[in-house]
Amino acid sequence: MTRAMRGTWNMKRGSVAAFLFLAAQAFAQAPDGNDILKHVDQNMFAETRIAESRMVIHGRRETRTVESKSWQRGTDESYTEFLAPAREKGTKMLKQKDMLWEYSPSTDRTIMISGHLLRQSVMGSDLSYEDMMDDPHLPNMYSATVAGEDTVHGRRVWILNLAAKKTDIAYDHRTAWVDKERYVILKEDLFAKGGKLLKTVDVREVMRVKTHWLAKSVLYKDVLKEGEGTEFFTDSVTLDAPIPDYLLSKASLRR
């Protein structure tokens, strides 16, 4: 081998070694996926949450807006009252642990939403009752691994693969794009057991409330449903304010 050839070989060997060193360093610096998920969970939740919101539902034939106000204490108790349009006004939903009731003013009846009814759409949107009933604490339901890095809406993110720990949940696995600095999920793909994509989530705007970064504008798209998806806007939110017990009881449904 000539001196020139030996020099070229050494340069190539040095480049490979440098690449492997940088790759190993990057891998070592990547945090554990489950740790990231814990940070996401800590960012998402407060003791209580009171929110006013709008769903803009882009159906196959029409677009309509549904307005509501909700009260949530922890993750087991929540009460939602729909305010508009007129045909939905006065409809109320109450969640207590794994029980969900809905009151309809047009029939003056309260029904329990369970079984196959949980898969139905909420007000014709791209959200299901099942979405409301799953444990929102992701570390309780999924184990996470870091699949890579990316940029979403100009923010640097970790890509997480989430695998279900349980069998009785709406989505067997997910891919989540998590803001590296704010620990808020900016994008999600939700899958069935067989790997079929069921729903996509695109967080288009976030807001800071106290020490939390929360989604302000989100597009949900049920890929099995016609239409352009459902835009969910949080117009106002108050964290850690007291909520009276009666509001989170069945009596509130007929109030």
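# Reading a predicted protein chain

Buried residues make up 40% of the 255 residues in the protein chain. Buried stands for a relative accessible area under 20%, exposed for over 50%, and partly exposed for what lies in between (1.4 Å probe, protein chains only).

User: What kind of model is this, and how are its residues numbered?

Analyst: This is a predicted model, in which local features need pLDDT of at least 70 and side-chain atom pairs count only at pLDDT 80 or more, while totals for chains, interfaces and linings use all residues. Residues are numbered from 1 along each chain as its sequence is written, and side-chain values use heavy atoms, with hydrogens and water left out.

User: Thanks! How many helices and strands does the protein chain have?

Analyst: There are 4 helices and 13 strands in the protein chain. Both are DSSP runs numbered from the N terminus: helices are H or I with at least four residues, strands are E with at least two.

User: Which residues does Val218 touch, leaving aside its neighbours within four places in sequence?

Analyst: A contact means heavy atoms within 4.5 Å. Val218 belongs to strand E12 (residues 212-222), and its contacts beyond those neighbours are Val201, Asp202, Val203, Thr230, Glu231 and Phe232. Val218 has a relative accessible area of 5%, so it is buried. Met55 is 163 residues away from Val218 along the chain, yet their C-alpha atoms are separated by 9.6 Å.

User: And Thr234, is that buried or exposed?

Analyst: Thr234 counts as buried because its relative accessibility is 11%. Thr234 lies in strand E13 and, not counting residues up to four places away in sequence, touches Ala51, Glu52, Ser53, Met207, Ala215 and Lys216. Across the protein chain, 46% of the contacts with a separation of 6 or more are between residues 24 or more positions apart.

User: How do I read an aromatic pair, and how many does the structure hold?

Analyst: Rings of Phe, Tyr and Trp (its six-membered ring) pair if their centres lie within 6.5 Å; planes under 30 degrees apart are stacked, over 60 edge-to-face, and the rest tilted. The structure holds 1 aromatic pair. In it, the ring centres of Trp71 and Tyr79 are 5.5 Å apart and the planes meet at 40°, so the pair is tilted. Trp71 is buried at a relative accessible area of 14%, and Tyr79 is buried at 0%. Leu248, in the segment after strand E13 (229-239), has both Trp71 and Tyr79 among its contacts.

User: Which charged residues sit over a ring?

Analyst: The test is that NZ of Lys or CZ of Arg is within 6 Å of the ring centre and within 35 degrees of the ring normal. The charged end of Arg182 sits over the ring of Trp213, 3.9 Å from its centre. Lys187 lies over the face of Trp177, and here the distance to the ring centre is 4.4 Å.

User: How is empty space found?

Analyst: Rolling a probe the size of a water molecule over the atoms shows where empty space is left. On a 1 Å grid over the protein atoms alone, a cavity is a set of points where a 1.4 Å probe fits but cannot get out; a pocket is an open set with protein on both sides within 12 Å along at least five of seven lines, and lining residues have an atom within 4 Å of a point. The largest pocket has a volume of about 370 Å³. Its lining has 16 residues, with Asp98, Met133, Asp134, Asp135 and Asp168 nearest its centre. The second largest cavity holds about 40 Å³ of space, and its lining includes Phe45, Arg49 and Leu239.

User: What can phi and the peptide bond tell me?

Analyst: Most residues other than glycine have a negative phi, and most peptide bonds are trans. Here, Ala84 and Pro85 are joined by a cis peptide bond, with omega about 0°. Pro85 is in the loop between strand E3 (77-84) and strand E4 (92-96). His153 is not a glycine, yet has a positive phi of about 50°; it is found in the loop between strand E7 (142-152) and strand E8 (155-164). Tyr183 also has a positive phi, near 55°, and is partly exposed with a relative accessible area of 22%.

Terms used. Points joined across faces, edges and corners; volume = space filled by probe spheres on them.
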